[in-house]
Amino acid sequence: MSLEKQIMEEMKAAMKSKNTVALQALRAIKSAFLLAKTEAGAGGDLTSEQEMKIVQKQVKQRKDSAAIFIEQGRQDLADPELAEVAVLEKFLPEALSEEEIEKVVVATIAKVGAEGMKDMGKVMGIVSKQLAGQADGKTISGIARKHLA
C-alpha cells in the first residue's frame with residue numbers, strides 16, 4: 001500500500017474517532033502531496049521517495065515550530081505541534097541512533113577518501129541518500145563535520 005493510501009486510511013480512522021490533532025496533521029500531509037503532484041513538471045504521481053521526503057519535511061517544520069514556541073515560553077502552542085509530530089512519525093522508517101549514523105558516515109568518509117571539510121558535500125550527498133528517512137540532515141552534518149575537521 002502506498003504511503004498516500006495509508007495516510008487516507010488513517011485520515012478516515014481519525015475522522016471516525018474524532019481525533020482532531022491526527023486529522024489536522026494528516027490533512028496537512030495530504031495537502032502537501034497534492035501540491036507536489038500539481039507542481040509544474042511533476043508528472044502527476046509521486047514516488048515513494050518523494051512521499052517520504054514530504055513527510056520528513058512536515059515533521060521537521062513542526063519540530064522547528066515547537067522549538068521556537070518552547071524557546072518563547074509558549075508550551076501551549078508547542079504541545080499541539082509535538083502531538084502532530086508523533087502522528088506523522090508513524091509514516092517514517094525507524095530512526096537510527098547516533099552511533100549507527102556515525103558508522104555509516106565513517107564508512108562513507110573512508111570509501112570516498114574524504115580528507116577535510118572540502119569533501120563535506122560529497123560525504124553529505126552519499127550519506128543523505130543512504131539514510132533517507134532514517135536520520136535528519138542536521139545530525140548527519142554534525143557527525144560528518146566532527147570527523148572531517
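A crossing of two helices is called right-handed if the near helix is turned clockwise from the far one by less than a right angle, and left-handed if anticlockwise. Keep that in mind for these close-ups of a predicted model.

**View 1. Helix α2 passes helix α4 in a right-handed crossing.** Here we're looking at α2, residues 20-38, and α4, residues 75-88. Their axes come within 9 Å and cross at roughly 65°. Angles of 65 to 115 degrees count as roughly perpendicular, so that's the label for how α2 and α4 sit relative to each other.

**View 2. A closer look at the residues where α2 meets α4.** On the α2 side you'll find V21, A22, Q24, A25, L26 and I29. Facing them from α4 are P80, A83, E84, V87 and L88. Sort the residues of this contact by type and you get 9 nonpolar, 1 polar and 1 charged.

**View 3. Helix α5 and helix α6 cross at roughly 130°.** Now we've moved along to α5, residues 98-112, and α6, residues 120-130. The two axes come within 10 Å of each other. As for handedness, the α5 and α6 crossing is right-handed.

**View 4. The residues that make the contact of α5 with α6.** From α5 come V104, V105, T108, I109 and V112. Helix α6 brings K122, V123, I126, V127 and Q130. By type, the residues in this contact split into 7 nonpolar, 2 polar and 1 charged.

Conventions. Residues numbered from 1 in each chain as written. Predicted model: local features only at pLDDT ≥ 70, side-chain atom pairs only at ≥ 80, totals over all residues. Heavy atoms only, no water. Axes fitted to C-alpha atoms, helices over the stretch in contact; angles between N-to-C directions. Helix = DSSP H or I, 4+ residues; strand = E, 2+ residues; numbered from the N terminus. Parallel < 35°, antiparallel > 145°, perpendicular 65-115°, else oblique. Contact = heavy atoms within 4.5 Å. Nonpolar A, V, L, I, M, F, W, Y, C, P; charged D, E, K, R; others polar.
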